[in-house]
Amino acid sequence: MTQGKYVLLVLGMMAVTYVPRATPLLLLPHIALPDRVRRWLEFVPAAIMSALVVPALFAPAGQPAFGWHNPMLLAAVPTLLVAWRTRSLGGSVIVGMAVYWLLTGRWAG
Amino acid sequence: MRRLANLRAGMRAALPIVLGYVPIGLAFGALARQIGLSLWQIGLMSAIVYAGSSQFIAVSLLGAGAGLLTIVATTFLVNLRHLLMSSALSPHLPRLSNRFLSLLAYGVTDETFALNITRLRAAPLPAFDILGVHLTAQTAWLLGSLAGGLLGNLIPPGSFGVDFALPAMFICLIVLQVRHRLDVGVVVLAGGLSLALMMVLPGSHYVAIVAAMAAATIGVAIHDAG
């Protein structure tokens, strides 16, 4: 790919990425949303976070891995407990990373 | 001075995202270098496209010799989920000028969205706090990509548990979002649907958005019925 064509590619990627990011932010403040739509939008954040993270935990390599051999799934358990009990984002991330590190054994070199 | 303090608060809040973005950026930069992109080409993509998973896919497609239109169309599909995120974000944002909103729109990613919406639903946030999160996350992504392109993947996958930084952040942010029993139901449904759809339709890039929209719709239906 020539340099000019590469710049064109990145500009195209930028345009199709930016438009969905920007359109609702610029448009929605001028539209009176019905109550049901507002309620729907209130459910969206947790739903999309879950829809993104559950496949990453249960099928980290694209294949389902529900057992003890899946460190993502195992590390999720203490992370969930810490998040639930402490409601601390930093604490959950540190505990999750530490448990995952121990489980994957990369600390041994 | 108030604006600077708010910006700093946002930069501090973004720390978990930085932990996740730097190693993924390194991996992206190293991969992009492998398929023959130069440092400025890597930096350009990370600076103005700034969307992790679509950048990985774009670089893989480039390496496989795909054409410009294929890559742009795939990028559109992969990043369409941000439409849903910006829509959910919009009612919670303070009154802002179009210029400021256009600037904030650049920084909407899965991770900045998850962090900001969770905080915005708990209490109103100053606009510069949100901007601080966006600037910090984007800087981490850009510097990570450049370092990866320059030096290769400095942090091999798995070290220090960095692979788990973003999943752990999402888990905690989901917990912080859940207020009622119906919320738990919607979370379980969205996750289960997304996993099931991913297995039935491997390689589709819009599974998460479909699962989330379906779960939210069922949530509203149950709420309105009860």
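Predicted model: local features only at pLDDT ≥ 70, side-chain atom pairs only at ≥ 80, totals over all residues.
**View 1. Chain A as a chain of helices.** Chain A holds four helices and zero strands, and, read from the N terminus on, its elements follow the order α-α-α-α. The C-alpha trace of chain A spans about 50 × 50 × 25 Å along its principal axes. Its radius of gyration is 20 Å, whereas a compact globule of 109 residues would have one near 13 Å. Of the 109 residues in chain A, 43% are buried.

**View 2. The contact between chain A and chain B.** This contact takes 64 residues from chain A and 78 residues from chain B. On the side of chain A that touches chain B, at least two residues each are supplied by helix H1 (3-27), helix H2 (35-58), helix H3 (71-86) and helix H4 (89-104) of chain A. Which helix gives the most to that side of chain A? The answer is H2(A), with 21 residues. Sorted by class, the side of chain A that touches chain B has 47 nonpolar, ten polar and seven charged residues.

**View 3. Two packed helices of chain B, H6(B) and H8(B).** Helix H6 of chain B, made of residues 81-89, packs against helix H8 of chain B, made of residues 110-122, with the axes 10 Å apart and at an angle of about 20°. Because angles under 35 degrees count as roughly parallel, H6(B) is described as roughly parallel to H8(B). The crossing of H6(B) and H8(B) is left-handed. From H6(B), the residues that make the contact are Met85(B), Ala88(B) and Leu89(B), and from H8(B) they are Phe113(B), Asn116(B) and Ile117(B). By class, the residues of this contact of H6(B) with H8(B) are five nonpolar, one polar and no charged.

**View 4. Arg87(A), in a loop of chain A.** Arg87(A) is placed in the loop between H3 and H4 of chain A. Although Arg87(A) is not a glycine, it has a positive phi of about 55°. Is Arg87(A) buried or exposed? With 12 other C-beta atoms within 10 Å, Arg87(A) is exposed, because a residue with 12 or fewer such atoms counts as exposed.

**View 5. Tyr50(B), in a loop of chain B.** Tyr50(B) lies in the loop between helix H3 (39-48) and helix H4 (52-63) of chain B. Tyr50(B) is not a glycine, yet it has a positive phi of about 50°. Tyr50(B) has 24 other C-beta atoms within 10 Å and is therefore buried, since the cut-off for a buried residue is 20 or more.

**View 6. Ala51(B) and its surroundings.** Ala51(B) lies in the loop between H3 and H4 of chain B, and, with 26 C-beta neighbours inside 10 Å, it counts as buried. Which residues are in contact with Ala51(B), leaving aside its neighbours within four places in sequence? They are Thr17(A), Asn79(B) and Thr109(B), so named with their chains because Thr17(A) is in chain A while Asn79(B) and Thr109(B) are in chain B. From C-alpha to C-alpha, Ala51(B) and Met169(B) are 18 Å apart in space, and they are 118 residues apart in sequence.

Methods. Residues numbered from 1 in each chain as written. Rg over C-alpha atoms; globule rule 2.2 N^0.38 Å. Axes fitted to C-alpha atoms, helices over the stretch in contact; angles between N-to-C directions. Parallel < 35°, antiparallel > 145°, perpendicular 65-115°, else oblique. Left-handed = near helix turned anticlockwise from the far one by under 90°. Contact = placed C-beta atoms within 7 Å. Nonpolar A, V, L, I, M, F, W, Y, C, P; charged D, E, K, R; others polar.
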